[in-house]
Protein chains: 2
Amino acid sequence: MQGDDYLHHIAYDSVIFGFSGEKLKILILEYHNTGLFALPGGFVRTNENLNDAVQRGLKERTGLDQIFLEQFYTFGDVARYKPEVMKQIIQANKVPDEDLSWLLDRFISVAYYALINYAEVIPTPDDLSDSCGWYDVDQLPPLMLDHAQIVQKALETLRENINRKLVGGNLLPARFTMKELQHVYEAILGEKLHRGTFQRKMLSLGVLQRHEKQYSGAANKAPFLYSFG
Amino acid sequence: MQGDDYLHHIAYDSVIFGFSGEKLKILILEYHNTGLFALPGGFVRTNENLNDAVQRGLKERTGLDQIFLEQFYTFGDVARYKPEVMKQIIQANKVPDEDLSWLLDRFISVAYYALINYAEVIPTPDDLSDSCGWYDVDQLPPLMLDHAQIVQKALETLRENINRKLVGGNLLPARFTMKELQHVYEAILGEKLHRGTFQRKMLSLGVLQRHEKQYSGAANKAPFLYSFG
DNA sequence: TTATTATTGTCGCAAAATGCGACAATAATA
DNA sequence: TATTATTGTCGCATTTTGCGACAATAATAA
């Protein structure tokens, strides 16, 4: 990780949403020996597209390719410049032979959110962090720098886009029941929805494919499975 | 404009919308002796918030303060890195005693759009450009780099936000008629709206203040004037 | 003074979208 | 065969929207 390989002053942070146990979750990593929690982030190589850099980071952290990924804001306040925090992280991970001084400069961070199928992810820490795990959006640990603010804005954007971009399905397996889809919407919006109205609305969009029923073994009517497209 | 005063690799571009003659317009500047047209942009000082840098640039270019300003996307493709274009601009404006080599590096650009009252603006070129003027959004000159794409995305964002953020009023004087407001909406959306429906919708929002009538001298009923808040 | 004309504010009504409860169908168990 | 929980769908009231029409009005023309 030489200084010349990356664009200085520019970073990205990603808010990776998953869905499990009827809860919306976010992937958070913890840096070695610092007690610092952070969003997965990274830097842009000098010959690499910004969007590609984020895709690359996501691949490394989740093992997934072809992810729903969207940029939502670029954070550029001076107040987010805290070199002592970065110094702390570097010192806890001192690797000789590397000039990491460029990491102590001021950074502007382009923030993205990703929607992924929780079940397919293998959370993988990087060199600097020793854990990479899921947290409920409403039970996050204290995050470093302005990362809590970034999460907040990601959630707002997600709520605004939930109908415009059919965002919901990206958080589920390829096939799902209407109830599961409704739970995703409820978790994102933070409110209960009416079952009948929700089903009618979804079906009227004409983007759901209906498949065979899912026999759960429970003593009641079995629901259909659906997929997008 | 020393290299140490600004954050390297980071720029901003602004799409400044105005409204006149029932048309949506954008402020475009032309660089000296190059035939290059561009969006007004600039750089971020090392101790300056990103948002403040854009406000500062807007103030210099329009004379206006307290503008409706919103960030909408950050452009970071490698393809937008064309040092020969920058070199052309610099050479046409050679100022001695300055090291401008940092301008030839790759830049990531944070794009903003602004909505302003056309009548209050005094378009002002900067040192590098010899004109700064209004162009119809559908009759723009060929813009350098990816600036046409930036304009396109600004328009899309504006359309998406038109109802969510009461964007329309920022393009008009403090007091305006319902018809003028409708023309703004039509220019942004690119379609005709029904007069009755539009008026009913706007009034139902409860954010318009009704004032005295505007007697235009025409042989017909005089419209009320409105303001926001 | 009175008719004419263009434009405005508002209304009525049909069509579409939404909120909410209810019913029959169904997959298992008792 | 009855029971139970859940599902798919429908009916109906309410709200929102699209669209035309009417009366009111400010000036001009007769």
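This is a short chat about a predicted model with chains A and B.

Q: Before we start, what do local features need in this predicted model?
A: Local features need pLDDT of at least 70, side-chain atom pairs count only at pLDDT 80 or more, and totals for chains, interfaces and linings use all residues. Residues are numbered from 1 along each chain as its sequence is written, chains are lettered from A and ligands numbered from 1 in the order in which they are written, and side-chain values use heavy atoms, with hydrogens and water left out.

Q: OK, at what angle do H4 and H5 of chain A pack?
A: Helix H4 (residues 178–189) and helix H5 (residues 195–204) of chain A pack at about 100°, with their axes 11 Å apart, and that makes H4(A) roughly perpendicular to H5(A) (a label for angles of 65 to 115 degrees). Helices here are DSSP runs of H or I with at least four residues, and strands are runs of E with at least two.

Q: And which residues make that contact?
A: H4(A) brings A:Met178, A:Leu181, A:Gln182 and A:Tyr185, while H5(A) brings A:Arg195, A:Phe198, A:Gln199, A:Met202 and A:Leu203, where contact means heavy atoms within 4.5 Å.

Q: Switching to chain B, which residues of H2 are buried?
A: In helix H2 (residues 83–91) of chain B they are B:Val85, B:Met86, B:Ile89 and B:Ile90, buried meaning under 20% relative accessible area with a 1.4 Å probe, protein chains only. They cover an arc of only 135° around the axis, which puts them on the same side of H2(B).

Q: What do they pack against?
A: The buried residues of H2(B) pack against strand S2 (23–31) of chain B.

Technical notes: Axes are lines fitted to C-alpha atoms, for helices over the stretch in contact, and angles run from 0 to 180 degrees between N-to-C directions. Angles under 35 degrees count as roughly parallel, over 145 as roughly antiparallel, 65 to 115 as roughly perpendicular and the rest as oblique. Copies are superposed by least squares on the C-alpha atoms of residues with pLDDT of at least 70 in both. Buried means under 20% relative accessible area, exposed over 50%, partly exposed in between (1.4 Å probe, protein chains only). The arc is that of the directions from the helix axis to the C-beta atoms.
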